[in-house]
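I opened this model to look up a few local features. My entries follow, one topic at a time.

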Amino acid sequence: MLSRIELANKPYLQLILILCLCLSSTILFSIIGAVIALLTFGFDLQTMQDYTNPQTIEALKLMQLLSAIGLFIVPPFLYAIIVSKQRAKILSLNKMGKPINYILIFVLMFISIPALSWIIEINANMLLPDFMAGIESWMRASEIQAQQLTQAFLTFDGFGSLFYILIIVAIVPAVGEELLFRGVLQKIFIKWTKNPHWGIWITAFLFSALHMQFFGFFPRMLLGAVFGYLFLWSKSLWLPILGHFINNGSVVILSYFAPDLMEDTDISFFSGSEYELLYYIGSLILTIALILLIRKVNSEKKVNNQEVLS
């Protein structure tokens, strides 16, 4: 049996370990979720895609919650227990980072909305070559189904349901996906490739691919890369967790307080405006500037005791 030291020096074994943990945990929690859904809501495969049935939606929410916990939250913690005695440190949960980071990430996530919306619109209008028409049709059908499920999830019955949906759509994904992708996988790929940029972009690619929403692939990959660099610079996982929560949570909050704005999640909010291009370019410039500012804030050299004495 490998020791912790041996495992720490073999990134390919770390990757195999986390993949095995993800697979086994996801299967277990999915079975548990399906059984509870069946017993609680009378859920079955025949009504699985009936998004007009409230019982089906509640069952799917419960199954989504438990499968997400099984895939994203449990495996990283089990991985940390196996790999190191310093569990919080191995997942980078032991450092909060500079307080100004949280202000900057909050501003960044809202400043970047027009730029991301622009990229989403471009990606959504992507056309594949004629010989890939069958694949494109399947991708668009999958995208429509995912959008319908998202819209079905974003239905509310009072403030309690708002909090419940925030847990499913924002809190668990923000914490869990960042634990798995940035807290574990990004570190593995950086160590394996010996290059932080390769590690960040490989992880961002996998982060986007896992969502299986092809016409939102590039904006999600870019967002994953931004989270990766924020983590690299700040050394704290809490910063990308906050950014991820703001990104997902803002959709839930808007759906609750302004549902008319969220009727078509694939269309840019700024589309058709007289100043549409100006919004996009301005947002892109400010987004890049804020990202560079965050890098500068976190790359400042600290004056150590020896420098003070000299």
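**Entry: Lys-194.** I started at Lys-194, in the loop between α8 (159-193) and α9 (196-210). I take helices as DSSP runs of H or I with at least four residues, and strands as runs of E with at least two, numbered from the N terminus. Lys-194 is not a glycine, yet its phi is positive, about 60°. I then looked up its accessibility: Lys-194 is exposed, at 72% relative accessibility. My cut-offs are under 20% relative accessible area for buried, over 50% for exposed, and partly exposed in between, with a 1.4 Å probe and protein chains only.

**Entry: the ground rules.** I note that this is a predicted model, where local features need pLDDT of at least 70, side-chain atom pairs count only at pLDDT 80 or more, and totals for chains, interfaces and linings use all residues. Residues are numbered from 1 along each chain as its sequence is written, and side-chain values use heavy atoms, with hydrogens and water left out.

**Entry: Ser-92.** I looked up another non-glycine residue with a positive phi, Ser-92, where the angle is near 60°. Ser-92 sits in the loop between α4 (87-90) and α5. Is Ser-92 buried or exposed? I found it buried, with a relative accessible area of 7%.

**Entry: Leu-15.** Next I went to helix α2 (residues 11-41), which holds Leu-15. Leu-15 is buried, at 15% relative accessible area. Which residues does Leu-15 touch, leaving out those up to four places away in sequence? I listed Leu-185, Ile-188, Phe-189 and Trp-192. Contact here means heavy atoms within 4.5 Å.

**Entry: α3 and α8.** I turned to helix packing. Helix α3 (residues 54-83) packs on α8 at an angle of about 30°, with the axes 9 Å apart. That makes the two helices, α3 and α8, roughly parallel. Axes are lines fitted to C-alpha atoms, for helices over the stretch in contact, and angles run from 0 to 180 degrees between N-to-C directions. Under 35 degrees counts as roughly parallel, over 145 as roughly antiparallel, 65 to 115 as roughly perpendicular, and the rest as oblique. The crossing of α3 and α8 is left-handed. I use left-handed when the near helix is turned anticlockwise from the far one by less than a right angle, and right-handed when clockwise. I sorted the contact of α3 with α8 by class: 20 nonpolar, two polar and three charged residues. Nonpolar covers Ala, Val, Leu, Ile, Met, Phe, Trp, Tyr, Cys and Pro; charged covers Asp, Glu, Lys and Arg; the others, Gly among them, are polar.

**Entry: α5 and α11.** The axes of α5 (residues 99-111) and α11 (residues 238-257) come within 10 Å and cross at roughly 30°. So α5 is roughly parallel to α11. Their crossing is right-handed. From α5, the contact residues include Tyr-102, Ile-105 and Phe-106; from α11, they include Trp-238, Leu-242 and Ile-246. The contact of α5 with α11 has nine nonpolar residues, three polar and no charged.

**Entry: cysteines.** Last, I searched the whole structure for disulfides and found zero. I count a disulfide when two cysteine sulfur atoms are within 2.5 Å. Cys-20 is partly exposed, at 47% relative accessible area, whereas Cys-22 is buried, at 8%.
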